Amino acid sequence: MAHLPHIDQQRCSGCGLCLSVCPEQAIRLVDGKAEVGGDSCMGCGHCQAACALQAVRLADMPVELGLRHVSERLEWLAPGRFDAADLVQLLRSRRSVRTFQPREVPLSLLEDLVKIGSTAPSGTNSQAWTFTILKNRRQVEWLGGLTAAFFRRLNRRAANPLWRLAARLFAGDSLGRYYRRHHDSVAQGLAAWEERGEDRLFHGAPAAILVGGESWASCPAEDALLAAGHILLAAHSLGLSTCLIGFVVEAMRHDRRLAQEVGIGRHEQIYAVVAVGYGAEKYHGVAGRRLLTPRYLP
Ligand SMILES: Cc1cc2nc3c(=O)[nH]c(=O)nc-3n(C[C@H](O)[C@H](O)[C@H](O)COP(=O)(O)O)c2cc1C
């Protein structure tokens with residue numbers, strides 16, 4: 001494995017803490033010193049984080065992310081050490097914002113968001129995310145144009161009863177469902193863009209981050225959505241607003257050429273598109289949620 005931990009034998013006291021947190025039993029004690037054996041290590045860095053003597057290092061996995069807009073604190077917050085009320089308030093204050101100021105977002109801030117996204121968990125620690133930054137309004141509008149072209153084609157097809165019938169015979173009712181649920185609102189959105197330059201897709205955002213995953217990863221979709229979740233929250237705490245744009249994800253999923261135009265590789269898929277910018281909306285309180293009842297096992 002590329003990221004085998006290196007254990008400084010001089011520093012290691014043989015306390016065994018690194019062994020106890022290793023999920024793969026990849027470390028053992030040999031003559032009172034920790035030693036990495038076998039190739040089961042997945043590079044999660046738990047051994048490094050557990051070592052009080054800084055005896056463990058993983059090449060290519062720097063602990064400092066090099067954030068430009070956040071002062072990094074590297075000490076571990078034990079469970080219960082972060083104010084839950086602050087956290088819940090942050091979670092509840094994030095909004096999907098649909099009116100952005102034209103002000104550009106500094107690239108360094110977008111880069112910080114990507115780095116913060118990469119602190120999310122990933123299946124078997126694959127960290128196989130891909131992040132694509134659209135750094136200005138021109139690039140966002142360009143992707144918006146490609147997406148609009150996709151939906152224009154899809155709307156034409158969905159409006160045709162023969163296409164819907166053929167699709168139903170060979171591929172199920174997804175085109176019919178799209179026609180019933182989305183055709184009209186998409187048509188209105190396209191008309192608003194063409195006639196009045198009103199951007200109902202990206203809501204006028206001056207930047208966007210596309211979060212994808214490499215197909216070799218064990219859970220690329222879940223990984224990408226978790227990273228996107230981190231990005232949404234971090235953006236809010238950094239003074240930015242966001243909105244997930246599922247329409248672009250759909251367009252890229254169904255039209256490989258569109259994805260390729262954006263530079264998305266053949267072994268990669270985009271799972272979340274995050275519009276980013278300075279929000280023009282103001283709220284006084286948090287939004288409500290349905291009160292869901294969990295299911296309990298007897
Ligand atoms: C997977 C996903 C896709 C979404 N796609 C869009 C979208 O294309 N356009 C949009 O305006 N909002 C989109 N949203 C935002 C939701 O409408 C929003 O999360 C929901 O209304 C709750 O509002 P809140 O995010 O402010 O709590 C999307 C949200 C998710 C989770």
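User: Buried means under 20% relative accessible area, exposed over 50% and partly exposed in between (1.4 Å probe, protein chains only). Is Trp129 buried or exposed?

Analyst: This is a predicted model, in which local features need pLDDT of at least 70 and side-chain atom pairs count only at pLDDT 80 or more, while totals for chains, interfaces and linings use all residues. Residues are numbered from 1 along each chain as its sequence is written, and side-chain values use heavy atoms, with hydrogens and water left out. Because its relative accessible area is 11%, Trp129 is classed as buried.

User: How many aromatic pairs does the model contain?

Analyst: Rings of Phe, Tyr and Trp (its six-membered ring) pair if their centres lie within 6.5 Å; planes under 30 degrees apart count as stacked, over 60 as edge-to-face and the rest as tilted. By this rule, the number of aromatic pairs is 4.

User: What kind of aromatic pair do Trp129 and Phe131 form?

Analyst: The ring centres of Trp129 and Phe131 are 6.4 Å apart. Phe131 has a relative accessible area of 24%, so this residue is partly exposed. With 35° between the two planes, the pair of Trp129 and Phe131 is tilted.

User: Why is the pair of Phe151 and Phe247 edge-to-face?

Analyst: The centres of the Phe151 and Phe247 rings lie 5.4 Å apart. The pair is edge-to-face because the planes of these rings meet at 80°.

User: How many residues apart are Phe151 and Phe247?

Analyst: Helices (H or I, at least four residues) and strands (E, at least two) are DSSP runs, numbered from the N terminus. Phe151 belongs to helix α5 (residues 137-158) and Phe247 to helix α10 (residues 246-254), so the pair links distant parts of the chain. Phe151 is buried at 6% relative accessible area, whereas Phe247 is partly exposed at 37%.

User: Which strands lie at the edges of the open sheet?

Analyst: The open sheet has 4 strands in the order β5-β6-β8-β7, with antiparallel pairing; two strands pair if DSSP finds at least two bridges between them. Each edge strand pairs on one side only, and the two are β5 (129-134) and β7 (241-244).

User: Which residue of β6 stands opposite Thr130?

Analyst: Strand β5 runs antiparallel to β6 (residues 207-214), and 6 bridges join them. Opposite Thr130, the residue in β6 is Gly212.
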